[in-house]
Amino acid sequence: MIDALLTVSKPDLLDKNGDRTFRGLLYDYFAFGRSLESARETFASFAGLSPTQYLILIAIKNSTAEEPMGVNQVAERLYLSGAFVTNEINKLVSDGLLEKSPHPGDGRRVQLALTQHGVDQLISLAALQRPVNDALFGVLTREEFKVLSQLLSRLAANADSALKLAEHVQATLKFQEDQRASGANLSDSRKKPRAALRNSR
């Protein structure tokens with residue numbers, strides 16, 4: 001394959017077929033991602049929540065007394081902005097699914113916990129989640145599941161810097177393209193007077 005057409009360049013991501021295996025991985029990942037999104041929407045709808053509210057409740061359910069979750073911790077865990085998470089949490093508090101209390105070690109922070117109503121909602125939801133998640137991930141062995149969990153954690157942690165790089169490279173390429181177009185226009189404008197001068201003789 002022509003190097004200029006490759007969508008990755010690191011040797012570890014290439015093989016004798018160029019980037020074909022890499023592209024296949026992405027196609028499979030996107031397909032599985034769509035299934036996960038659909039399952040999340042089904043779970044959220046069953047509980048009368050938005051998909052983000054559903055994720056927030058699940059994240060807070062998995063917090064511990066030793067590591068209580070506040071708004072910032074939820075935002076970091078879900079890779080979402082603090083402002084967006086704050087709005088969604090306020091809705092969940094208003095609906096009686098979450099409660100806020102002062103953080104025992106930092107008076108400037110609050111910690112979040114499920115109310116009994118929130119717990120009851122998740123208990124009802126778990127009856128739907130269990131068979132669906134078993135079907136989605138049941139093809140994996142215990143060791144494969146551990147490896148996948150570690151790999152996805154690393155990929156997710158690296159994604160923000162990759163997206164910032166995308167914005168930087170995009171801006172650089174656009175600037176170079178504009179510079180080339182500007183140079184070509186300048187060259188054309190210089191040629192036109194000469195042509196006009198020859199025609200006038």
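Reader: What is the relative accessible area of Glu-37, and is Glu-37 buried, partly exposed or exposed?
Author: This is a predicted model, where local features need pLDDT of at least 70, side-chain atom pairs count only at pLDDT 80 or more, and totals for chains, interfaces and linings use all residues. Residues are numbered from 1 along each chain as its sequence is written, and side-chain values use heavy atoms, with hydrogens and water left out. Buried means under 20% relative accessible area, exposed over 50%, and partly exposed in between (1.4 Å probe, protein chains only). Glu-37 is partly exposed, at 39%.

Reader: Which residue forms a salt bridge with Glu-37?
Author: A salt bridge here is a side-chain nitrogen of Lys or Arg within 4 Å of a carboxyl oxygen of Asp or Glu. The closest N and O atoms of this pair are 2.9 Å apart.

Reader: Why are Glu-37 and Arg-40 separated by about one helical turn?
Author: Helices (H or I, at least four residues) and strands (E, at least two) are DSSP runs, numbered from the N terminus. An α-helix has 3.6 residues a turn, so residues three or four places apart point the same way. Glu-37 and Arg-40 are about one turn apart because both sit in helix H1, with a spacing of three residues.

Reader: In the salt bridge of Lys-91 and Glu-88, what is the N to O distance?
Author: Both residues belong to helix H4, three residues apart. Lys-91 is partly exposed at 44% relative accessibility. Glu-88 is buried at 8%. Their side chains meet, N to O, at 3.3 Å.

Reader: Which helix holds both Asp-178 and Lys-174?
Author: These side chains form a salt bridge, N to O 3.1 Å. Asp-178 is partly exposed at 37%, and Lys-174 is partly exposed at 45%. The two are four residues apart, about one turn, in helix H6 (residues 142-200).

Reader: How many salt bridges does the rule count?
Author: Another joins Lys-91 to Glu-88. Asp-178 and Lys-174 also pair. The count is three.

Reader: How many residues of helix H2 are buried?
Author: Helix H2 spans residues 51-61 and is mostly covered. Its buried residues include Tyr-54, Ile-56, Leu-57 and Ile-58.

Reader: What covers the buried residues of H2?
Author: Contact means heavy atoms within 4.5 Å. Strands E1 (98-102) and E2 (110-114) are among the covering elements. Helices also take part, including H1 (20-46), H3 (71-78), H4 (82-94) and H5 (116-137).
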